[in-house]
Amino acid sequence: MRPRLPPLSPLLLLLLACAAHSVGALPRLCDVLQVLQEERDQCLQELSKERTRDLGMEHPTPGCEGLWDNMSCWPSAALGETVEVECPRFLWMLVGRNGSMFRNCTQRGWSETFPRPDLACGVNVNDSSNEKRYQFLLKLKVMYTVGYSFSLVMLLVALSILCAFRRLHCTRNYIHMHLFVSFILRALSNFIKDAVLFSSDDVAHCDAHRVGCQLVMVFFQYCILANYSWLLVEGLYLHTLLVISFSSERKCLQGFVALGWGSPAIFVASWALTRHFLEDVGCWDINANASIWWVIRGPVILSILINFILFINILRILMRKLRTQETGGNEVNHYKRLAKSTLLLIPLFGIHYIIFAFSPEDAMEIQLFFELALGSFQGLVVAFLYCFLNGEVQLEVQKKWQQWHLREFPLRPVALSSSFSNGTKASPLEQSRGTCRASVI
């Protein structure tokens, strides 16, 4: 038998999720029921031991028997005694704060709980702002769903373009492709997570797909970490272009692939094992234990900090090169484009997330807006910067269009680029190298 759910509305559960440690993870009713079930079983065991002990006493002390009130466990008390218990664990897990509730043992039995559980534990169900926060969360979900949808479509188009044109195949664009894939996986994992967590309110089969739900959360966390890892790889590659001359770009790319896809697997596996042995609660979508959550949160913040340091050093190197008198006109324009690109990439690579890394609970709504609503459009911005607004990509698409147009309408004159109008034609390898190094991003 499952415990009867205390009088908490779905609206309250949604509001409680706003303060959850896992940003954007709304609590499932199944998770709440599982925590209540564990507390209920533990309480009934303790009360059973108390009754067995009292039966062995010749003169039991008059008072109130232990009580499970479908939310908290009250131990037996003597007549006139006031009993204090902490807030239920599922409320503490969601709101991240604790409190105390009291009952008096009277001649008529237990008194009513005071203060009210919702007020004592930091949740006021009668607050007039609840409806506004509820509407805010619903709008936020619509915004990040739209953002991830647009990002997913544009990233698939951009990835197809980079894969289709052989002249665009080089180390830099290979890194861009991996970054596109990480953003695509991040969007897909978000849709899968929402579909699994909130597909149904039926609590009759809460335990039926629990392992599958946890695997979905492991995949979701891996996609998040992989995305930040490839953002770090982009920063490392941009930095090495200015500081280090590559001896072997193939080996460099292999190292970046290992960093981008391999390192997240290590951290996510550590997090999954830790959750399994220390906090195996529900679907692993709520992170109540801050120390365990830092196994995921720590690498993300570390990658952002490293990127920030790299960008500061890149700007320093670029400014020094621009001030050098020996720098020619073409090099000046090249470094100016690099500086402009770097300034664009600093907010793109998630530097603003550092602001919210240690944010108080009062700023949770702002944090949710930045990380979910604006963050969902990050893949769209990446697709435009690295593909659609890229000069070399535009040139290759234009050439392809001209070739197709010339085949379809051979009698109609078409203005071709210099590479087609010249009598001599560069080798494919030279064209590939020239194209790949033509632009900055």
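1. Let's start with a helix pair: helix 7 (residues 210-243) packs against helix 8 (residues 249-278) at an angle of about 145°, and their axes lie 8 Å apart. Axes here are lines fitted to C-alpha atoms, for helices over the stretch in contact, and angles run from 0 to 180 degrees between N-to-C directions. The crossing of helix 7 past helix 8 is right-handed, meaning that the near helix is turned clockwise from the far one by less than a right angle. Among the residues that meet are Trp-230 and Tyr-237 in helix 7, and Phe-256 and Trp-271 in helix 8; contact means heavy atoms within 4.5 Å. This contact has 19 nonpolar residues, four polar and no charged. Ala, Val, Leu, Ile, Met, Phe, Trp, Tyr, Cys and Pro count as nonpolar, Asp, Glu, Lys and Arg as charged, and the others, Gly among them, as polar.

2. Before going on, some ground rules. The model is predicted, so to speak of local features takes pLDDT of at least 70, and side-chain atom pairs count only at pLDDT 80 or more, while totals for chains, interfaces and linings use all residues. Residues are numbered from 1 along each chain as its sequence is written, and side-chain values use heavy atoms, with hydrogens and water left out.

3. Now the whole chain: 15 helices and seven strands. Both are DSSP runs numbered from the N terminus, helices being H or I with at least four residues and strands E with at least two. Of the 441 residues, 46% count as buried, which is under 20% relative accessible area with a 1.4 Å probe and protein chains only (exposed is over 50%, partly exposed in between).

4. Which residues touch the most other members of the largest nonpolar core? They are Ile-175, Leu-179, Phe-180 and Trp-271, out of 55 residues. Such a core is a set of buried Ala, Val, Leu, Ile, Met, Phe, Trp, Tyr and Cys residues joined through side-chain atoms within 4.5 Å. Helix 7 gives the most to this core, with 13 residues. Leaving aside neighbours within four places in sequence, Phe-180 is in contact with residues including Leu-155, Leu-159, Val-382 and Tyr-386.

5. Have a look at Ser-376, in the loop between helix 11 and helix 12. Is Ser-376 buried or exposed? It is buried, with a relative accessible area of 1%. Not counting residues up to four places away in sequence, Ser-376 touches Met-143, Tyr-144, Gly-147, Tyr-148 and Ser-151.

6. Three of them form an open antiparallel sheet in the order 5-6-7. Strand 5 (82-86) and strand 7 are at the edges with a single partner strand each, so one side of each has no neighbour in the sheet. Strand 5 pairs with strand 6 (residues 100-106) over five bridges; pairing takes at least two DSSP bridges. Val-83 stands opposite Arg-103 in strand 6.

7. Most residues other than glycine have a negative phi, and most peptide bonds are trans. Asn-70, though, has a positive phi, near 70°, and sits in the loop between strand 2 (67-68) and strand 3 (73-74). Asn-70 is buried, with a relative accessible area of 17%. The peptide bond from Phe-114 to Pro-115 is cis, with omega near -15°, and Pro-115 lies in the loop between strand 7 (109-110) and helix 4 (117-120).
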